[in-house]
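Here is a short report on one chain. Have the sequence and the structure open as you read.

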Amino acid sequence: MTDRSPFSDTATAAAAWARFRRIMRWMFLVTMTTVIGALSVLYKQEGMVSPHFYIAVAIGVSFAMLLMSALMGLVFLSSASGHDEEVSEGPKDDQDLSR
């Protein structure tokens, strides 16, 4: 069985990972902007409540947004690299894989 992974080609792999890193850099900037906006809105509405409240909000919003960004970035990486097409074609050999 030959290794037909699209990441075997170094040019394809480098381009796909560069795109993933570019997406993550942009999403980090969007996340930080959103966190600052959310904290400023909360401060204007509630005033100074507790520093722990603001720390928890910042960590929660940051974690959720960056996790969703990373997962969507990996979906784009998989699609751009050709892994999705390789899986949908099925096995290349005639072996019965139902065992």
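## Positive patch

Which residues form a positive surface patch? R19, R21, R22 and R25 do. Lys and Arg count as positive here, Asp and Glu as negative, while His and the chain ends are not counted. Patch residues must have over 30% relative accessible area and no salt bridge; like charges are joined within 9 Å, and nonpolar side chains (Val, Leu, Ile, Met, Phe, Trp, Tyr) within 5 Å. A charge is placed at NZ of Lys, CZ of Arg, CG of Asp or CD of Glu. A salt bridge is a side-chain nitrogen of Lys or Arg within 4 Å of a carboxyl oxygen of Asp or Glu.

R25 sits in helix α1, residues 10-46. Is R25 buried or exposed? R25 counts as exposed, because its relative accessibility is 54%. The cut-offs are under 20% relative accessible area for buried, over 50% for exposed, and partly exposed in between (1.4 Å probe, protein chains only).

## Basis of the model

The model is predicted: local features need pLDDT of at least 70, side-chain atom pairs count only at pLDDT 80 or more, and totals for chains, interfaces and linings use all residues. Residues are numbered from 1 along each chain as its sequence is written, and side-chain values use heavy atoms, leaving out hydrogens and water.

## Overall build

The chain has 3 helices and 0 strands. Its pattern along the sequence is α-α-α. Helices (H or I, at least four residues) and strands (E, at least two) are DSSP runs, numbered from the N terminus.

Buried residues make up 17% of the 99 in the chain. The chain exposes about 7,500 Å², and carbon and sulfur atoms supply 67% of that area. Areas come from the Shrake-Rupley method with a 1.4 Å probe; for residues, only the protein chains shown count as cover. Take the contacts between residues at least 6 apart in sequence: 67% of them join residues at least 24 apart. Contact means heavy atoms within 4.5 Å.

Helix α2 spans residues 51-81 and holds L66. L66 counts as partly exposed because its relative accessibility is 25%. Setting aside residues up to four places away in sequence, L66 touches M24, M27, F28 and T31. L66 and T31 are 35 residues apart in sequence, yet their C-alpha atoms are 7.1 Å apart.

S62 also lies in α2. Its relative accessible area is 14%, so S62 is buried. Beyond its neighbours within four places, S62 contacts T31, M32 and V35.

## L39 in helix α1

L39 belongs to helix α1. With a relative accessible area of 22%, L39 is partly exposed. Which residues does L39 contact, leaving aside neighbours within four places in sequence? They are Y54, V57 and A58. L39 and A58 are 19 residues apart along the chain, and their C-alpha atoms are separated by 7.3 Å.

## Nonpolar patch

W17, F63, L67, L71 and L74 make a nonpolar surface patch of about 490 Å². Helix α2 gives the most to this patch, with 4 residues. L74 is in α2. L74 is partly exposed because its relative accessible area is 39%.
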